[in-house]
Amino acid sequence: MTGARRGAVMIGASAGALEVLSLILPRLESDFPLPVVVVVHVPPDRRSVLAAIFDAKCRLRAIEAEDKEPLAAGVICFAPPDYHLLIEDGDTIALSNEDQVLFSRPSIDVAFESAADVWGDAAIGIVLTGANQDGAMGLKAIAAAGGTAIVQDPGEAYARAMPEAAIAACPEALVLNADGILSYLQSIIR
Amino acid sequence: METFDRIEDIEIRLLLEALYHRYHYDFRNYAMSSIRRRLRQAREQMGVATISALQEAVLHDPDMLPKLLRYLTVQVSEMFRDPGYFRAIREKVVPHLKTYPSLKIWIAGCSSGEELYSFVILFREEGLEERTIFYATDINPDALAQAEAGVYQVDRIRLFTENHRRAGGRTSLSDHYRSGYDRCVFDRSLRRNVVFSDHSLVTDQVFGEMQLVSCRNVMIYFDRSLQDRAVGLFREALPRNGFLGLGAKETLRFSRHADAFRDFVREEKIYQRTGT
């Protein structure tokens with residue numbers, strides 16, 4: 001199946017990421033019509049097991065991105081440790097070793113801003129639980145480009161700082177709990 | 001909306017053309033996403049309103065060029081970065097290299113030299129240094145000068161030392177530098193067999209036959225067509241059974257030249273040239 005739709009679902013998460021992603025990603029159907037790109041703050045000096053965990057749990061395929069990986073509908077692509085992940089024109093992934101942003105590499109802001117540049121109103125950004133400010137500026141960029149901005153309800157989040165910062169930077173964002181985010185994603189049709 | 005902020009993209013393309021025509025630095029086939037990001041940073045930090053203003057400045061003031069190059073070329077490296085890579089070079093590649101009477105090693109995109117010194121120290125430890133010529137190339141003259149100086153901030157040495165140990169180092173890293181104040185100076189003798197040279201993977205040609213090319217986290221900044229060009233150069237430089245090492249998250253899977261290489265140490269992105 002080729003993705004007829006433009007854009008992708010960009011998800012950013014930090015502290016508490018595994019739990020909330022487990023409420024969302026395994027429940028996506030195998031015909032989900034968009035690529036899913038996930039940026040989680042992971043330690044730089046170790047291999048990440050996120051892709052393996054979710055590949056086992058999900059109906060969708062989950063992989064860790066390598067440079068110039070083409071995005072495909074229904075494939076969940078995780079940012080690798082110690083690299084920024086950016087979206088290139090032509091819907092491929094480009095990695096970068098640039099400086100950390102807000103002490104993070106990968107940075108959610110970097111990924112989201114590149115998605116806003118490439119897809120404009122077809123970008124969907126979702127900021128989940130986390131204990132810092134990363135993602136706020138990126139979500140704002142997606143909203144400014146006409147894309148869809150979604151934030152996990154801080155009251156439900158394991159760590160509320162990141163969703164709160166995202167709401168402050170992007171007041172027009174939809175604020176949803178994990179079930180609401182899942183319902184939104186399930187409503188996306190080809 | 002087809003493309004967001006199209007004016008900025010036009011400005012970026014024009015600036016890259018200007019850099020090429022005025023100074024022969026060719027960033028036109030670099031990955032746009034990260035160029036865009038770094039030019040925005042340059043614009044903000046140089047206090048100008050538009051990318052066009054950056055272009056105006058760099059066209060008319062050659063002093064602006066090094067400043068802009070610092071944004072356009074990413075200089076992030078550490079000694080023995082990804083220790084598993086250097087351990088694999090030591091344990092899997094070096095035994096092959098030991099069968100050659102003389103060796104040429106190319107560190108392509110050596111930046112400020114951390115990877116070069118990692119290789120020289122490793123080769124010294126393995127008894128290969130004396131029969132090896134190391135070619136360390138980069139497009140950024142400031143970075144090459146730093147590489148040639150071999151001086152690093154002392155606060156980075158702890159990481160370098162830990163990496164070296166994890167890479168299976170047989171000596172103490174401190175055997176290879178002297179420290180004073182806040183800096184460490186790597187031993188001049190490490191540069192005895194090194195040729196530093198200005199070389200661009202974008203515009204220049206191959207300059208000799210190499211037994212090993214290490215080009216790590218350089219091509220991530222290129223687009224697919226430019227990656228193909230660079231890998232084509234490595235293909236040309238490497239004889240049958242020569243080695244190519246890439247960064248941890250780089251791959252030849254998407255390369256036009258994938259068939260000319262086989263996985264040698266798959267998990268460390270070390271490839272070997274086939275006969276094709």
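Student: Which residue of chain A does Arg37(B) meet in a salt bridge?
Tutor: Arg37(B) meets Glu98(A), side chain to side chain, at 3.1 Å from N to O. A salt bridge here is a side-chain nitrogen of Lys or Arg within 4 Å of a carboxyl oxygen of Asp or Glu. This is a predicted model: local features need pLDDT of at least 70, side-chain atom pairs count only at pLDDT 80 or more, and totals for chains, interfaces and linings use all residues. Residues are numbered from 1 along each chain as its sequence is written, chains are lettered from A in the order in which they are written, and side-chain values use heavy atoms, without hydrogens and water.

Student: How many salt bridges are there between chain B and chain A?
Tutor: The count is 11. Over all chains, the search finds 36.

Student: What does Glu64(A) pair with?
Tutor: Lys249(B). Their closest N and O atoms are 2.5 Å apart. The pair crosses between chains, with Glu64(A) in strand β3 of chain A and Lys249(B) in the loop between β8 and β9 of chain B. Strands are DSSP runs of E, at least two residues, and helices are runs of H or I, at least four, numbered from the N terminus.

Student: Ok, the whole interface. How many residues are in contact?
Tutor: 34 residues of chain B and 35 of chain A. Contact means heavy atoms within 4.5 Å.

Student: And what area is buried there?
Tutor: About 2,800 Å², with 43% from carbon and sulfur atoms. Buried area is the accessible area (1.4 Å probe) that two parts lose on being put together, summed over both.

Student: New topic. How do α1 and α6 of chain A cross?
Tutor: Their axes come within 9 Å and cross at roughly 45°. So α1(A) is oblique to α6(A). Oblique covers whatever is left after under 35 degrees (roughly parallel), over 145 (roughly antiparallel) and 65 to 115 (roughly perpendicular).

Student: Which residues meet?
Tutor: Val20(A), Leu23(A) and Ile24(A) in α1(A) meet Ala178(A), Ile181(A), Leu182(A) and Leu185(A) in α6(A). By class, that is seven nonpolar, no polar and no charged residues. Nonpolar takes in Ala, Val, Leu, Ile, Met, Phe, Trp, Tyr, Cys and Pro; charged is Asp, Glu, Lys and Arg; the others, Gly among them, are polar.

Student: Where is the cis peptide bond?
Tutor: Between Arg105(A) and Pro106(A), with omega about 10°. Pro106(A) sits in the loop between β6 and α3 of chain A.

How values were computed: Axes are lines fitted to C-alpha atoms, for helices over the stretch in contact, and angles run from 0 to 180 degrees between N-to-C directions.
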